[in-house]
Amino acid sequence: FFFFFLQRNESKMTKIVIVFYSMYGHVKTMAEAVAKGARAAGAEVSIFQVPELLPKEVLEKMHAPPKSDIPVLTHDKINVLKEADGILFGIPTRYGMMCSQMKMLFDGLGQFWMSGALVGKPASVFFSTASQGGGQETTALTTVTQLAHLGMIFVPTGYSFDMGKQTQLKEVQGGSPYGAGTLAGGDGSRQPSEYELAYAEYQGKYFTGVAKKLCAKVLDV
């Protein structure tokens, strides 16, 4: 007879990888808050930004600030995704779905799709849009199709952060049941609010807790 049970490897720190794209810094700020929450939950956190596709001249005309010194997830570093216990993706919205820079990352994961390297690995999404109706839900929803083909487990936050604050109508705020979010405004001048950063921090903490549970080893006796 074979009996299966779950056993946590308590000596191993949960490895969380955060991958994001940020043109004006909004998603970067959210990513740092997510990382803060994950670390508070006891995770070993690595943060990467995806490569830029736009030429420098175009970025200058768009008044985009210089990129941060956060490491770029180039092809030679791609195995960090396979080695992670969980991955959070920070995605700015373009027409209600992920930006092309992030889509390029997913398009380049064919080797992991073929080998099943990411199957069963938890993933979550946080995002930035210009307006409340600009993709606070559809950005995550359209990302789920990428996760599904890779066999990853989508981990939304639901209303577990703060039901009262998540459903209030007195103030403009980002975020949805799918994850933390911020609103940048049409000109990018609005920065993540205290609430949005708290939500992002919570998501990092919550996601790490889920990843820890899914990291449990399945042993047969």
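User: Which residue stands opposite F20 in β4?
Analyst: That's G90. This is a predicted model, so local features need pLDDT of at least 70, side-chain atom pairs count only at pLDDT 80 or more, and totals for chains, interfaces and linings use all residues. Residues are numbered from 1 along each chain as its sequence is written, and side-chain values use heavy atoms, leaving out hydrogens and water.

User: What makes β2 and β4 a pair?
Analyst: β2 and β4 share five bridges in the parallel sense. Two strands pair if DSSP finds at least two bridges between them, so β2 and β4 qualify. Strands are DSSP runs of E with at least two residues, and helices are runs of H or I with at least four, numbered from the N terminus. β2 also pairs with β3 (residues 44-49), in the parallel sense over six bridges, with I47 as the bridge partner of I18.

User: How do you know that β4 and β5 pair?
Analyst: β5 (residues 97-98) is joined to β4 by two bridges, running antiparallel. In that hairpin, with two residues between the strands, Y95 takes a positive phi near 55 degrees.

User: How is V17 classed, buried or exposed, and why?
Analyst: V17, in strand β2, has 4% relative accessibility. Buried means under 20% relative accessible area, exposed over 50% and partly exposed in between (1.4 Å probe, protein chains only), so V17 is buried. β2 as a whole is mostly covered, with five of its six residues buried.

User: And why is M62 called partly exposed?
Analyst: M62 has a relative accessible area of 33%, and it sits in the loop between α2 (56-61) and α3 (79-83).

User: What makes Y24, V58 and M62 a patch?
Analyst: They form a nonpolar patch on the surface, with about 220 Å² of accessible area together. Patch residues have over 30% relative accessible area and no salt bridge; nonpolar side chains (Val, Leu, Ile, Met, Phe, Trp, Tyr) are joined within 5 Å, like charges within 9 Å. A salt bridge is a Lys or Arg side-chain nitrogen within 4 Å of an Asp or Glu carboxyl oxygen, and areas come from the Shrake-Rupley method with a 1.4 Å probe, only the protein chains shown counting as cover for residues.

User: Which residues touch the most other members of the largest nonpolar core?
Analyst: V19, L81, F89, M102, L105, F106 and L109, out of 30 residues. A nonpolar core is a set of buried Ala, Val, Leu, Ile, Met, Phe, Trp, Tyr and Cys residues joined through side-chain atoms within 4.5 Å.
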